[in-house]
Amino acid sequence: MQRILVLLSFLIPLSAIASTDSVICRLSDTDGRYREHNCDFTHISLDVRFIPKEGKVMGRETLLFTPIQPLIDSVYLDAPGIMIKKVLLDKASLNVSFDTTAAGVIIRFPKQKLKWDDKHSLDIEYEATPRKGLYFIGWNDDKNLSRKQIWTQGQGVDNRYWFPCYDDVDDKVISETTITFDKNYTVVSNGNLLSTKINTDSTKTWHYAMTQPHAPYLVMMAIDKYAYKDYKSDNGITSREFYYADHPEVEAPTYQYSKELMDWLPKEIGIPYPWQTYANVPVQDFMFGAMENTTATIYGDFYQLDRRSQIERPYIGVNAHELTHQWFGDLITEYSATHHWLHESFATYYSKMFLCHIYGEDQYQMAMRGEMLQAIHADGENRFPVAHSHAGTARHYPKGSFVIGMLCYVVGDEIYHRSIINYLRKHAHGNVDTHDFYRTFMETAGINLDWFFDEWIYHSGVPGFSVQYEAKADKTVFYIEQTHHTDSLIHYFRMPVVIEVDYTDHTRDTVRGWVSSRYDTIAVPNRSGKQIAYTVFDPGANVMKTMHLQHPYRELLAQATTAHNMIDRYDAVQALRDTALDIKRSDLIRIFHSEKSHYIRSEVVYQLREDTTGDGMAVLIQAVDDPDWNVHRTVAERMDTIRPSVLAAYEKLLRDTSYYTIEIALKKLVKQYPSNKERYLATVRPVHGISENVRVAYLELKGADSMAAVKDELVAYTSQSYEFRTRVRAMEALERLRYSDAQLIRNITDAILNPNTRLAGPAEHVLMKLFKKEGVKDAFVSYYKNTTWQDWQKERLKALAE
């Protein structure tokens, strides 16, 4: 993001949308340039063993390749930090010369240059102790509480740290893995498990192989003591769902809908599942949510939860997202980071569609609203478009997902679905860029969508609309102004938009018109001269936008109670926030009792949260017993003052279904009613929660009175015996309690050196705060100076010690 000012100075005026007074330009994207290479690598065979306590991998690798230039005298492989011991060309007995650099290895062919189209092989023997790409979890836990795992994470370009390869997205290989490890463990890798063999040294060898090519970053493995359950879909594909063998209770809630997902998604996309096998594999301390390795998704075990915990951190959406990647990302792969949205936006879109399939239209509409708000926020931060290597998460995921929905809205379901089928078939097992996707609509239906791609994919921003209407004798005329800022990077948007006029007799008229300039006028016929109850610009909120509407209270109330789309009712209720409570109270209460959507009931609770009247507080009391836990959460989060009249109801939240609601309620109750603290703590004492959230909150509150009673347990939670979310919670609690000791400093230092930035970053932040406490920095410096570190660790910690 820091490069925005530099990039703005290098605008490339590629043709886009031209008007009489301005031209839209595009931001350059040098980091999205395709990487050059002189070989087509076709096959990787890995044979690896490990020394877990040392974090070491020992490997033998065979690479098959074909030169793609007339003559080549060398091959470059990415291999940072890998010690290459031997290289053979074409199985010859003589070693091939090679030079290692900080980033890789150059293998030279001094005796003869290799000709293009000829097939060759390289055999490489190597060792590595990688800090990226391959992770050894828990092997040095002195309390022996942590899980013992080995797992990989190749995206973006980190597999190069544990095996030499051309590690980029614009080449594809058929991979094969042979992995030898302790026979008491389970090894998972890409493709079909061809064989296993028990060895005489109490190890076991697993042999996996792919049958179709995929990008090198998708090569994976995971090792732990797993159990699994197979879910066979109606299309014959088996999803092998792994879980920790010592936690069978998590299997069913974690993998609910797995069979239905594998049945639904190939039908929705229109292309059969493109591989032979599929698996989900949990791992500890994963730095992302999940990773769509071909045929075998790895995901953070913070999603592997029991039935109670799954309500607020379900794996369902992530499961759908990663499975979608088996088509969008694995079957077809971006040429460069500029086109990363072709992976993530589609995975986010189809995951959203599956949740709609499971939970209904309300879920889908609110998901779209969340996507739109994230996109608007991102566009307020910088000017990067969706198709840009620096677009960021908010554009690659939510904004791109919303844009795909708008694309379907513009061309219609039939054309969209047929175009997707043609796109996937044409580019299967190959690479794509944004223009390939654009062109598929021309090839499929003869539709030129250059305007759509230009304003939504190649440029940032969203349209802002101000809408007014005038009721005439036989029609309702809408006056639409695009109010957003325009410049060389953003102009006025061209989009179809539906306008709905609802009448007091419960009928409606709709018109689909186009906006394309600063000022547009669209008329909706009203031939019978009916009385207008309310109007909706873009019913269902299908177009990404900001809106300025000024509807009278009467129209907002009619929309809030009768609009057929949940999101339109929600928008009307939310628009009542600026209305005085005395005016809207009785209507809000009526909406709360009649509305089926928990999103709208929660919004009513928010607006009544500080109401002191009996009627208003009655709704808050009823909200605690609402059928949906989301409404309880709103009470817990949004009620700033817990009045005595609602105290008994609020205290029920200490036994809520949601662990996070319990945590919020506990902290607020203790703060506002300190005399009841012991009773509240006693209520939650047996509860641990998700990643120990309730337990850590309990210990922190108790520690405010008696640190000696809780310090050992809290400090233990900061150690590598526990997964990273628990560690972060405990570290932050101890910092707020202003507590430090030698063991905590060791645990925080271990966390700072962890490759998981979601642990290392917060740990460093906590340490910096603790340094303000007398003696803490001296204790850290002493520990640093009197401990033996690897060079990279010493360099990392030296900056903190100075």
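This is a predicted model: local features need pLDDT of at least 70, side-chain atom pairs count only at pLDDT 80 or more; totals for chains, interfaces and linings use all residues.
**Group meeting: the fold and its cores**

Of the 802 residues in this chain, 58% count as buried, where buried means under 20% relative accessible area, judged with a 1.4 Å probe and protein chains only. Residues are numbered from 1 along each chain as its sequence is written, and side-chain values use heavy atoms, with hydrogens and water left out.

Let me start with the overall build. The chain holds 27 helices and 30 strands, which are DSSP runs numbered from the N terminus, helices being H or I of at least four residues and strands E of at least two. Its radius of gyration is 29 Å, close to the 28 Å that the globule rule gives for 802 residues, so the chain is as compact as a globular protein of that length; the radius is taken over C-alpha atoms, and the rule is 2.2 Å times the number of residues to the power 0.38. Along its principal axes, the C-alpha trace spans about 95 × 70 × 55 Å.

Now to the interior. In soluble globular proteins, nonpolar side chains tend to be buried together. Here the largest nonpolar core has 97 residues, and those with the most contacts inside it are Tyr650, Leu666, Leu714, Ile748 and Phe780; such a core is a set of buried Ala, Val, Leu, Ile, Met, Phe, Trp, Tyr and Cys residues joined through side-chain atoms within 4.5 Å. Helix α19, residues 659–672, gives the most to this core, with seven residues. A second, separate core of 79 residues includes Met210, Val432, Phe465 and Val467.

Which residues does Leu714 touch, not counting those up to four places away in sequence? They are Val696, Leu699, Glu700, Ala730, Ala733, Leu734 and Leu737, contact meaning heavy atoms within 4.5 Å.

Tyr717 lies in helix α22, residues 711–717, and counts as buried at 5% relative accessibility. With residues up to four places away set aside, Tyr717 touches a list of residues including His688, Glu692, Arg695 and Thr726. Tyr717 and Glu692 are 25 residues apart in sequence and 8.9 Å apart in space, C-alpha to C-alpha.

Finally, Asn676 sits in the loop between α19 and α20, and is buried, with a relative accessible area of 18%. Leaving aside neighbours within four places in sequence, Asn676 is in contact with Leu647 and Glu651.

Conventions
Buried means under 20% relative accessible area, exposed over 50%, partly exposed in between (1.4 Å probe, protein chains only).
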